[in-house]
Amino acid sequence: MGALEFVADVDRVVKSGDALNMAPHLILQAWWSETAAGIETQTTPESALTELETRFGVTLPNDFRKYLSCGVPISENWDAEDGNWWPIERIKSVPEECKHPVSDPVAKNAAKHLIFLDYFIWAWAWGISCVDDETYGKVVLIGEQTGYVAESFEDFVNRYTTDWMSVSQVPRAAKPIGRFRTWLRNH
């Protein structure tokens, strides 16, 4: 399929309302095109994906693997929200990329979280969990705050391309009531 045919096909799907059924790499390519980001993508051979998995000792989540195999950027770039989607050669584990310790919930399995996107020359970054537990496939925000912001790469892409701020802040848990507030309530 040529570039013009691809753009026409994406436009047809978006206009039909089927955009939510599109694969994440197609959503990204359509969004990059619509926002004139100028991000060129490439396919990645199966051998390179296997090498990446072997290097980190992980199994890539299916939706993220499909993105890497069908539509990863060729080079460093800037999207419309000042995000830099990393080419496959730049993808690193959290300990490889972050020179400072990261906090929970990533700290104990940091080597199995792969960073694929940073914001505004590394103000913060996003990575995907390849940990074989309940976090598998979730997208994590790493920076001043660290926490999971999307249930899957597909969820992340859908939200990033429509409301990027929804994945740019860690949801805050309710703070426990301190001893002083407990004392006040009881007196």
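I began with strand 3 (residues 83-85), which pairs with strand 5 in the antiparallel sense over three bridges. I took strands as DSSP runs of E of at least two residues and helices as runs of H or I of at least four, numbered from the N terminus; two strands count as paired if DSSP finds at least two bridges between them. Within this pairing, I found Gly-83 opposite Tyr-119 of strand 5.

I noted that the model is predicted, with local features needing pLDDT of at least 70, side-chain atom pairs counted only at pLDDT 80 or more, and totals for chains, interfaces and linings using all residues. Residues are numbered from 1 along each chain as its sequence is written, and side-chain values use heavy atoms, with hydrogens and water left out.

I next looked up the other partners of strand 5. Strand 4 (residues 92-93) pairs with strand 5 in the antiparallel sense over two bridges, and Ser-93 has Leu-114 as its bridge partner there. Strand 6 (residues 124-129) runs antiparallel to strand 5 and is joined to it by six bridges; here Leu-114 stands opposite Ile-128. In the hairpin of strands 5 and 6, with four residues between the strands, I recorded a positive phi near 50 degrees at Phe-120.

I then checked burial (under 20% relative accessible area, 1.4 Å probe, protein chains only). Seven of the seven residues of strand 5 (residues 113-119) are buried, so the strand is largely enclosed by the rest of the structure.

Last, I examined Trp-85. Leaving aside neighbours within four places in sequence, Trp-85 is in contact with residues including Leu-28, Phe-116 and Phe-156, contact meaning heavy atoms within 4.5 Å.

Definitions and conventions:
Buried means under 20% relative accessible area, exposed over 50%, partly exposed in between (1.4 Å probe, protein chains only).
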